[in-house]
Amino acid sequence: MNIDDRAGDRIESPDDQGEEARKAALDAQGALYADQASADADQTAADADQTSSDADHTAAEADQTSADRDQRASDRDQDNADRVHAAGVGLTADDERAYDSAREERAAGSFERLVDRIKRAGTARERDMTAAERDRIGRLRDEIGRARDARTADGVRPASASEISLMKQLEELGAEVAADRARAAADRERASRDRVDASRERARLEAELRSAHLDDLTGAYRREMGQLALSHEIARARRSDGRFVLAFVDVDRLKIVNDSQGHAAGDRVLQTVVRAIRTRLRSFDPIIRYGGDEFVCGLSGTDLAEAGRRFDSIGVAIEADAHVGISVGLAALAEGDTADQLTKRADAAMLEVKAVHHSSQ
């Protein structure tokens, strides 16, 4: 017999008003149990969704393990290639180009794996938030169910044999529902503890990842990871319209700030510089702290004129906020350029600009 059948059983109708009232009360009690059973079915579906989500997360962790394995293999291949290249025996111009191309492809692959890892971490955080909301709704349903059970227990007392039978069935059903709720609550509690532990471990790993690849002071890429980001953007530009500009930025007068106001003031200047650059470039344009007061930025889909206008605006903002200037050298991607070659050309252009700034002071 299903819940609706139990709740809808008919009791022999007595003639007096008291029996009619008692029948109505019993029907209401049955409806309460049916409502609770429906709520519990919803919770079961939510728990099934969570199980599916946990399975997706397990699959994502397996993908990350595979990506880590690919990265180790790529690192070994690069080490071997570097040793052969360092020997420099019998290398032709074609060999050099092949070496540079393979190096850039491996760098782009490494960067893509890092980006995927960050995306997986973000997805895991979203799953945790969804699971926490499911747990909150589950606890609320449990509280509503217990309140219904209490109201039913204090309800009308049956008088006839059929009423007693129906009440017994309702009590048995209530006990089953309460037991199911208790088991589900215990399962949710265990799963919640597991998610908290996993979330803490992910946060620790993300912090390590951030510390390893991002500059602590400014949040820009560290130099090694920045080179990977540049190689990735260059490869993407070549697959698109081929336009890519690298900007080499040097902060003017930073030493004067450090000497006159202290290194804390100099640190604030560097943070202001990166903030001004970040707010005026696109989210995917890499910003790399190349040296103490030097930064490298990559702008895809852009020509020298547009990049020059952007950095003119950035220079004005930095001058207004930090009271220092910047010297910017620009270099456009040419056929066969590597990230290193492009960076050297932009660096040389920056030194020319800086010489002009010095001569005008």
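Read along the sequence, the chain follows the pattern α-α-α-α-α-β-α-α-β-β-α-β-α, and it holds nine helices and four strands in this predicted model. Helices (H or I, at least four residues) and strands (E, at least two) are DSSP runs, numbered from the N terminus. Residues are numbered from 1 along each chain as its sequence is written. Because the model is predicted, local features need pLDDT of at least 70 and side-chain atom pairs count only at pLDDT 80 or more, while totals for chains, interfaces and linings use all residues, and side-chain values use heavy atoms, with hydrogens and water left out. Of the 361 residues of the chain, 38% count as buried, where buried means under 20% relative accessible area, exposed over 50%, and partly exposed in between (1.4 Å probe, protein chains only). Among the contacts with a separation of 6 or more, 74% are between residues 24 or more positions apart, a contact being heavy atoms within 4.5 Å.

The four strands form an open sheet with the order 2-3-1-4 and antiparallel pairing, two strands being paired if DSSP finds at least two bridges between them. Strand 2 (287-289) and strand 4 (326-332) are the edge strands, since each of them pairs on one side only. Neighbouring strands of the sheet are turned by 20 degrees against each other on average, direction ignored; axes here are lines fitted to C-alpha atoms, for helices over the stretch in contact, and angles run from 0 to 180 degrees between N-to-C directions. Helix 7 (residues 263-280) packs on this sheet, where it touches strand 1 (244-251), strand 2 and strand 3, and its direction makes about 5 degrees with that of strand 3.

Within the sheet, strand 2 and strand 3 (residues 294-300) pair in the antiparallel sense over three bridges, and Ile288 stands opposite Val296 in strand 3. Strand 1 is joined to strand 3 by seven bridges, the two running antiparallel, and seven bridges likewise join strand 1 to strand 4, again antiparallel. Ala247 stands opposite Cys297 in strand 3 and opposite Leu330 in strand 4. Strand 1 is mostly covered, as eight of its eight residues are buried: Phe244, Leu246, Phe248 and Asp250 point one way from the strand, whereas Val245, Ala247, Val249 and Val251 point the other way.

In soluble globular proteins, nonpolar side chains tend to be buried together. A nonpolar core is taken as a set of buried Ala, Val, Leu, Ile, Met, Phe, Trp, Tyr and Cys residues joined through side-chain atoms within 4.5 Å. The largest such core has 28 residues, of which Val251, Val269, Cys297, Phe311, Ile314 and Ile318 touch the most other members. Strand 1, helix 6 (254-261), helix 7, strand 3, helix 8 (304-322) and strand 4 each supply at least two residues of this core, and the largest share, seven residues, comes from helix 7. Not counting residues up to four places away in sequence, Phe311 touches Ala247, Val249, Leu281, Cys297, Leu299, Ile326, Val328 and Leu330.

Helix 6 and helix 7 pack at an angle of about 145 degrees, with their axes 7 Å apart. In this contact, Leu254, Val257, Asn258 and Gln261 of helix 6 meet His263, Ala265, Gly266, Val269 and Leu270 of helix 7. The residues of the contact divide into five nonpolar, four polar and no charged, with Ala, Val, Leu, Ile, Met, Phe, Trp, Tyr, Cys and Pro counted as nonpolar, Asp, Glu, Lys and Arg as charged, and the others, Gly among them, as polar. Ala265, found in helix 7, counts as buried because its relative accessibility is 6%. Ala265 and Ala322 are 57 residues apart in sequence and 9.5 Å apart in space, C-alpha to C-alpha.

Ser300, in strand 3, is also buried, with a relative accessible area of 10%. Leaving aside neighbours within four places in sequence, Ser300 is in contact with residues including Glu233, Arg236, Arg243 and Phe244. In helix 5 (residues 223-239), the buried residues include Glu233 and Ile234.

Conventions. Expected span 1.5 Å × (residues − 1).
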